[in-house]
Amino acid sequence: MFAEICRELSIWAIPVILLLIPLIGYLRKVHVYEAFVDGAAEGFKTAIRIMPFLVAMMVAINVFRASGAMDAVITLISPLLSLLGVPAELVPLAVMRPLSGTGSLGLATEILNTFGPDSLWGRIASTVMGSTDTTFYILTVYFGAVGIRKPRYSVFVGLLGDLTGFFVSIYICTKVFS
Amino acid sequence: MINLIWMLFLVAGIGYAGWQGRIEVVTQSAISAAEGAVILSFKLIGVMCLWLGIMKIAELAGLVKLFALVLSPFMRILFPSVPKKHPAMGAIVMTISANMLGLGNAATPLGIKAMQELQKLNDKKDTASDAMCTLLALCTTGFTLVPATIIALRSAAGSTNPAEIVGTTVLVSLMATFTALLADRLCRALYAARGRR
């Protein structure tokens, strides 16, 4: 039932926004077509401005992943994290989550298919995916778009948020679902 | 910090590949990632144009200001450096709303729009301002009420109750966001103290 509502909501949200904003604009005497084109013109410039930042970040992360260094890090920290009650099956997801959106989605799908979506691991993986975001991507794109090269402490804050999300997911899911 | 992390990714990756005798992987993955990044930027152009266009209409219709006013007491606490009626406030509110509804495609362009508005208030154009760091903290923890992607994924995997994780997700989201905002405040104070010295 609730899944139905969520699904409907996510299907309807964008069409409704696309209808309401121009409609309200029109009723408020905005030249909607011209305004849209005006705004959209910015889109191209912005996307191009992001490109160098995205190349820099994706190259570094991809080399780190493809070389096997990331897997080595996972093997290295797995025993350490299991002392804290983190199951080894979930460590790759924790490491991948802030680095790559598609990568972590792939890992989560694998966990759901291997252990089942209604297993504890499946539920924890789902909660981790739902409650955190790809920190490095967001940082690169959001700051890249306005030419910020010095993000100061944001990287630390973002990663701390991911870490909190991961540990709290394990704790809460274990409490709620078992 | 970002310099160190970026370099560590490269040093660890190239060092490890060399040590494992698979150095050719580096060249190949670096080039394919560079190409992938360009393709991704090009894909972004479309959604970016769409949402920035819609945002422009919303702005001219006064909707952005209205959005900002609704949540303004709350936003004042989070973003004390942004003037109350500045368009940045409206853009920030819309970004957070898109995130809450799980509209990933819309959230990114709206977030960028908010960053652009914040950049107008920024004195040092190459350095993130306090408000920018707070917005990023909010977005990287991605507070969400409707985790649409993961619900779809769960039902595809044959879950008997795909949406049962919504409760835990909201709870975890809240705590992660709260922690990030707290850390953001602490770091801001620390940086301010260091700047004065």
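Biologist: Is Phe9(B) buried or exposed?

Modeller: In this predicted model, Phe9(B) is buried, since its relative accessible area is 9% and buried means under 20%.

Biologist: Which ring of chain A does Phe9(B) pair with at 5.0 Å, centre to centre?

Modeller: That is Phe64(A). The planes of the two rings stand at 55°, so the pair counts as tilted.

Biologist: Where do the two residues sit?

Modeller: Phe64(A) is in helix H2 of chain A and Phe9(B) is in helix H1 of chain B, residues 2-19, so this pair joins two chains. Phe64(A) is buried as well, with a relative accessible area of 8%.

Biologist: And what sort of pair do Phe136(A) and Phe9(B) make?

Modeller: An edge-to-face one, with 5.7 Å between the centres and 70° between the planes. This pair also crosses between chains, and Phe136(A) belongs to helix H7 of chain A. Both Phe136(A) and Phe9(B) are buried.

Biologist: Which residues end up in the cluster?

Modeller: Phe64(A), Phe136(A) and Phe9(B), linked by ring pairs. Over all chains, the count of aromatic pairs is five.

Biologist: Now the whole contact. How many residues does each chain put in?

Modeller: Chain A gives 96 residues and chain B gives 100 residues. Tyr142(A), Arg152(A) and Tyr153(A) supply 10% of the area that chain A buries against chain B, which is more than any other three residues.

Biologist: How much area do the two chains bury between them?

Modeller: About 8,400 Å², with 78% of it on carbon and sulfur atoms.

Biologist: What about salt bridges and polar contacts?

Modeller: There are four salt bridges between chain A and chain B. The chains also share 21 residue pairs in polar contact, counting residues with pLDDT 80 or more.

Biologist: Which helix of chain A supplies the largest share of the side that touches chain B?

Modeller: H2(A), with 27 residues. The residues on that side of chain A divide into 60 nonpolar, 24 polar and 12 charged.

Biologist: Last one, Thr127(B). Where is it?

Modeller: Thr127(B) lies in the loop between helix H6 (104-120) and helix H7 (130-141) of chain B. Thr127(B) counts as buried because its relative accessibility is 12%.

Biologist: Which residues does Thr127(B) touch?

Modeller: Leaving out residues up to four places away in sequence, Thr127(B) touches Ile148(A), Lys150(A), Arg152(A) and Asn122(B).

Terms used:
Residues are numbered from 1 along each chain as its sequence is written. Chains are lettered from A and ligands numbered from 1 in the order in which they are written. This is a predicted model: local features need pLDDT of at least 70, side-chain atom pairs count only at pLDDT 80 or more; totals for chains, interfaces and linings use all residues. Side-chain values use heavy atoms; hydrogens and water are left out. Contact means heavy atoms within 4.5 Å. Buried area is the accessible area (1.4 Å probe) that two parts lose on being put together, summed over both. A salt bridge is a side-chain nitrogen of Lys or Arg within 4 Å of a carboxyl oxygen of Asp or Glu. A polar contact is a pair of N or O atoms within 3.5 Å; within protein, one must be able to donate a hydrogen and the other to accept it, and residues adjacent in sequence count only if both atoms are side-chain atoms. Helices (H or I, at least four residues) and strands (E, at least two) are DSSP runs, numbered from the N terminus. Ala, Val, Leu, Ile, Met, Phe, Trp, Tyr, Cys and Pro count as nonpolar, Asp, Glu, Lys and Arg as charged, and the others, Gly among them, as polar. Buried means under 20% relative accessible area, exposed over 50%, partly exposed in between (1.4 Å probe, protein chains only). Rings of Phe, Tyr and Trp (its six-membered ring) pair if their centres lie within 6.5 Å; planes under 30 degrees apart count as stacked, over 60 as edge-to-face and the rest as tilted.
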